[in-house]
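Thanks for coming. I have one structure to walk through today, and I will keep to what can be read from the model itself.

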Amino acid sequence: MSEITIGILGGGQLGSMLSVAARKLNIKTIIYCDDQNAPAQNFCDEFMHGSYDDKEKIYAFANKVQIITYEFENIPFEALNELNKLKTVLPRPSVNRLIQHRLAEKDFINKLNIRTTRYVHIENKDDLLPLEDFLPGILKTTTMGYDGKGQYPIKNISAINALNIDFNNGYILEKLVKLKKEISVIITRFNNNKYEVYEPIENTHEDQILIHSKIPAEINEKLFHQSKEWAISIAEELKYIGTLCVEFFIDRNDNLYVNEIAPRVHNSGHLTINAYNVSQFENHIRAVCSLEQIPLKKISNAEMINLIGNQIIPYREKPKLATNQFFFDYLKKDIKKKRKMGHLTTLK
Ligand code: AIR
């Protein structure tokens with residue numbers, strides 16, 4: 001084992017895959033999570049269960065590690081900030097705070113002259129009434145949403161009256177684009193102008209949950225380059241360290257829009273484990289631990305399907321898979337509707 005122990009906040013599948021990547025690099029992992037059933041405890045070297053505002057426990061965690069990262073952007077900013085006083089937290093907490101807030105995030109992207117969907121800040125139901133021009137749209141909480149949680153599609157003005165939500169949270173209304181397809185670009189930034197960027201990945205969603213990703217994305221060359229350039233500009237402007245994902249929409253006229261930024265490794269990048277010489281997870285660990293940067297090489301085209309809810313069951317019975325197929329069980333105890341339980345990558 002090397003001397004490095006990395007602390008990871010959050011214990012879902014992303015924490016598991018970060019732990020597996022760290023082990024390959026001889027780096028020890030300690031996961032801290034507020035869920036005592038966190039599946040990543042099956043993959044890390046040490047697991048600590050506690051709430052993110054339990055100062056005593058969280059300091060004990062910090063004392064055991066050299067560097068801290070996180071696998072879930074919804075870790076409270078206060079916890080990241082407190083920890084950053086003791087040990088370096090990467091990506092920096094301020095980056096996470098910016099990206100966690102949909103309004104601040106979109107303002108930031110637009111300032112870089114990068115296109116996003118049209119959006120407006122909403123504080124109460126009445127704010128929505130004059131906004132017919134933004135419909136059909138989607139109302140999203142400004143903070144704390146993922147996998148479609150905290151998102152409400154609004155087709156027309158009459159749908160507004162039927163909304164039964166708590167406006168104390170703060171929302172933005174985004175106008176829907178006439179969507180042709182969705183892609184994502186994953187980039188790992190090491191330092192000024194030092195980064196590794198993966199080729200754009202084409203993604204399909206159902207009920208706002210990712211179900212399928214593939215490389216190569218079927219997009220034209222202009223979109224291929226523009227999406228990578230925008231991801232690089234965003235990572236550079238943030239002075240980001242680690243792996244980041246930019247999610248894009250492409251409309252029917254082949255215009256590109258940034259949908260959102262995920263300040264972490266990303267579900268669409270699971271196929272990088274098998275399709276590249278260095279996965280998004282290994283690259284994240286390399287970047288935050290200041291290890292060597294290795295030029296990316298694609299090994300194969302690939303596709304990944306998410307196994308959601310009950311879809312995991314037949315795979316848990318260990319069917320014989322082809323040699324180009326790779327199954328990952330996140331080992332989540334409770335199978336729930338719409339919950340990501342595992343994935344299957346097929347090299348093409
Ligand atoms: N995650 C983080 N942001 C989006 C997603 N999908 C991953 C993280 C987190 C886990 O999903 O790894 O810990 C939470 O999954 P669940 O099924 O417990 O809600």
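Predicted model: local features only at pLDDT ≥ 70, side-chain atom pairs only at ≥ 80, totals over all residues.

Let me start with the domains. The protein chain is divided into domain 1, residues 5-89, domain 2, residues 118-175, and domain 3, residues 179-347. Taken over C-alpha atoms, the centres of domain 1 and domain 3 are separated by 22 Å. The contact between these two takes 19 residues from domain 1 and 18 residues from domain 3. On the side of domain 1 that touches domain 3, α1 and β4 each supply at least two residues. The largest share of that side, eight residues, comes from α1. By class, the residues there divide into 11 nonpolar, five polar and three charged.

Next, the cores. How many residues are in the largest nonpolar core? There are 69, and those with the most contacts inside this core are L18, L244, V246 and I285. Strand β14, residues 242-251, gives the largest share of this core, six residues. The core draws at least three residues from each of domain 1 and domain 3. To take one of those residues, what does L18 touch, leaving out residues up to four places away in sequence? On that count, L18 touches I8, E71, V265, F281, H284 and I285. There is also a second, separate core of 10 residues, and Y119, F134, I138 and I154 are among them.

Now the ligand. The residues around the ligand are G10, G12, Q13, L14, G15, E71, F72, Y146, D147, N267, R339 and K340. Which helix gives the largest share of this shell? That is helix α1, residues 13-24, with three residues. By class, the shell has three nonpolar, five polar and four charged residues.

Helix α3 covers residues 77-86, and its buried residues are A79, L80 and L83. Why do they line one face of the helix? Seen down the axis of α3, the buried residues fall within an arc of 95°, so they line one face. As a general point, an α-helix has 3.6 residues a turn, so residues three or four places apart point the same way. The buried residues of α3 pack against α2, β4, β5 and α4. The face of α3 turned away from its buried side carries the exposed residues E78 and K85.

The other helix is α10, residues 280-288. Nine of its nine residues are buried, so α10 is largely enclosed by the rest of the structure. The buried residues include F281, H284 and I285, and these three are also among the residues that L18 touches. After α10 comes S290, whose phi is positive, near 55°.

Now some single residues. A302 is found in strand β16, residues 302-308. Is A302 buried or exposed? A302 counts as buried because there are 24 C-beta neighbours inside 10 Å. Not counting residues up to four places away in sequence, A302 touches K214, I215, L271, N274, A275, T345, T346, L347 and K348. A302 and F326 are 24 residues apart in sequence and 11 Å apart in space, C-alpha to C-alpha.

Q311 lies in the loop between β16 and α11. With 17 C-beta neighbours inside 10 Å, Q311 counts as partly exposed. Q311 and R339 are 28 residues apart in sequence and 10 Å apart in space, C-alpha to C-alpha. R339 is one of the residues around the ligand.

Last, the backbone. The peptide bond from L90 to P91 is cis, with omega near -10°, and P91 lies in the loop between β5 and α4. Another cis peptide bond runs from L135 to P136, with omega near -5°, and P136 is in the loop between α6 and β7.

N113 has a positive phi, near 60°, and its place is in the loop between α5 and β6. With 8 C-beta neighbours inside 10 Å, N113 counts as exposed. Q208 also has a positive phi, near 65°. Q208 lies in the loop between β12 and β13 and is partly exposed, with 14 other C-beta atoms within 10 Å.

That is what I have.

Conventions. Residues numbered from 1 in each chain as written. Core = buried A, V, L, I, M, F, W, Y, C linked by C-beta atoms within 7 Å. Buried ≥ 20, exposed ≤ 12 C-beta atoms within 10 Å, placed from the backbone. Helix = DSSP H or I, 4+ residues; strand = E, 2+ residues; numbered from the N terminus. Domains from an automatic or database assignment. Contact = placed C-beta atoms within 7 Å. Near = placed C-beta within 6 Å. Nonpolar A, V, L, I, M, F, W, Y, C, P; charged D, E, K, R; others polar. Arc of directions from axis to C-beta.
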